[in-house]
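Let us learn to read a protein model by asking about its features one at a time. Have the structure open as you go.

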Amino acid sequence: MMNKKKLKILLSLFALNSITLYLYFSSHPDQFRHKLTEKHYISTGNSFSSSENHHNFHSSVASQSKPWPILPSYLPWSQNPNVTWRSCEGYFGNGFTRRVDLLKTSQEIHRKFGDNSLSVGGGGGGWFRCFFSETLQSSICEGGAIRMNPEKILMSRGGEKLEAVIGRGEDEELPNFKNGAFDIEVTDRTKIGKKMVDEKFLNQYLREGAISKHTMRELIGSIQLVGANEFHCSEWIEEPSLLITRFEYANLFHTVTDWYSAYAASRVTGLPSRPHLVFVDGHCETQLEETWRALFSSLTYAKNFSGPVCFRHAILSPLGYETALFKGLSENIDCNGASAHDLWQNPNDRRTARLSEFGEMIRAAFGFPVDRQNIPRTVTGPNVLFVRREDYLAHPRHGGKVQSRLSNEQQVFDSIKSWALNHTECKLNVINGLFAHMSMKEQVRAIQDASVIVGAHGAGLTHIVSAAPKAVILEIISSEYRRPHFALIAQWKGLEYHPIYLEGSHADPPVVIDKLSSILRNLGC
């Protein structure tokens, strides 16, 4: 009976992936206009104009895009114009239902005039469109035959070792786009020399809101339209690439919002495999890049390119500030986690499996199992993970000291460890979550293997997006930091969540142990 059930699940997932591939190929005809027998590469080494024959290009860097893993919580991200405003799918899934075509693909123009011929190579002109979400008030945009001119982006180089750039200002790291920082090739001579969008478009589809520097808006606002004779590239990126600007890039919570936005943009645009990343910022290297590299096919910084680089297909994801993960801190997002199986059978606007899907994506990116039935329990007993806050140097402007949210954290941890040694009901494994000294892969492993995750309010708890479905969260909250970040993530994932509210920042160890003991009893321990 179980084998038949598993076979049905596998067949369903295969069918969903086939539908996704069909939708992508049918909606991106210009992306695949060169012959199918050609090999695709991320980069070509010669300088040429887009009107030259693609067969003459010499490939210098061969690349293989990573496939999407099979995720138990995956549900289709198909374009459904009937997504309810401010529904859970509107917030966390594909609520980007209003398509705005700024430049049509050459294929669409040919169809309009009854010309079904295919253009092989370049010279067919670029294309650009955005998908707007009424719920999130933001857009995911994509285009083809887009040229980036790194010398017209004013910012530091990016990707340096932290120790080499101590004291560098944030303004130096964020991009300023001069006119022509980005160009798109057009065949319509009446458009050559003009900006692609005006202020009206930006105000309607890329609203600044409370964001003081909206880099995606500024990037799109800088795009100029040029003719084929001006469209020269030192190299081409053949495979789909995400162009991303990060802000609070060394903070795990804000980086998770960026990861989620990049993942959603990849799904909304129907990419058949994981895209490559280009960081359009000048931030230095951080530990968090390990997860960026695991999630996507490759990573480079815009300033690493030596000359104008052209993208066959570029995707621009919204800023992390525009995701539900961040917006939920200031507006009521009434959603609860549910299994994809339940939602497939009984759709519900107030339930979502998207955060579970995303957490599985992170685990799968590191090669960990994503079976929803997996209950995190080691051979010797359940893991109790205590996520610690440690001093570490986060970014060039950071002093290396982390503000304490639990003044007697070491005492609380030591008390839990001593209590666990004498716990007779079952063997407990208390894990010391010193995340600042662990690789990202080790951190995700610790989270996914935990039956109970304990910690003071802090960015490290954002890892619960990757927690197993049966994990329980125990957050210790000081009076100064009563913020809903992790209660909301637990709610949206469908995790059991318990807070301990403190008067000040000192916790009474017996109170914490009593609550932990109650949680473990409910887990049968």
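Predicted model: local features only at pLDDT ≥ 70, side-chain atom pairs only at ≥ 80, totals over all residues.

Q: What holds the strands of a sheet together in general?
A: Strands of a sheet pair through backbone hydrogen bonds, and the pairing is either parallel or antiparallel.

Q: In what order do the strands of the open sheet of 7 strands lie here?
A: The order is β4-β5-β6-β18-β14-β15-β16. The pairing is mixed.

Q: Which strands are at the edges?
A: They are β4, residues 98–103, and β16, residues 299–301. Each of these pairs on one side only. On average, and ignoring direction, neighbouring strands of the sheet are turned by 20° against each other.

Q: How many bridges join β14 to β15?
A: There are 4 bridges between β14 (residues 241–244) and β15 (residues 276–279). The two strands run parallel. Find Leu242: it stands opposite Leu277 in β15.

Q: Which strands does helix α7 lie across?
A: Helix α7, residues 252–268, lies across β6 (138–144), β14 and β18 (314–316). The helix runs at about 140° to β14.

Q: What is the phi of Gln137?
A: Gln137 is not a glycine, yet its phi is positive, about 55°. Gln137 lies in the loop between β5 (127–133) and β6. Its relative accessibility is 26%, so Gln137 counts as partly exposed.

Q: What about the phi of Ala145?
A: Ala145 has a positive phi too, near 55°, and is not a glycine. Ala145 sits in the loop between β6 and β7 (146–148). Is Ala145 buried or exposed? Buried means under 20% relative accessible area. Ala145 has 6%, so it is buried.

Q: Where is Glu322?
A: Glu322 is in the loop between β18 and α9 (324–327).

Q: Which side chain of opposite charge is nearest to Glu322?
A: That is Lys327, 6.5 Å away. A salt bridge needs a side-chain nitrogen of Lys or Arg within 4 Å of a carboxyl oxygen. Glu322 is buried and has no salt bridge.

Q: With which side chain does the side chain of Glu322 make a polar contact?
A: With that of His214, at 3.0 Å. Leave aside the neighbours of Glu322 within four places in sequence. Glu322 is then in contact with Leu136, Gln137, Ser138, Arg207, Ile211, His214 and Lys327.

Note on methods: Residues numbered from 1 in each chain as written. Heavy atoms only, no water. Pairing = 2+ DSSP bridges. Axes fitted to C-alpha atoms, helices over the stretch in contact; angles between N-to-C directions. Contact = heavy atoms within 4.5 Å. Buried < 20%, exposed > 50% of the residue type's maximum accessible area, 1.4 Å probe, protein only. Lys, Arg positive; Asp, Glu negative; His and termini not counted. Polar contact = N/O pair within 3.5 Å; in protein donor to acceptor, adjacent residues only side chain to side chain.
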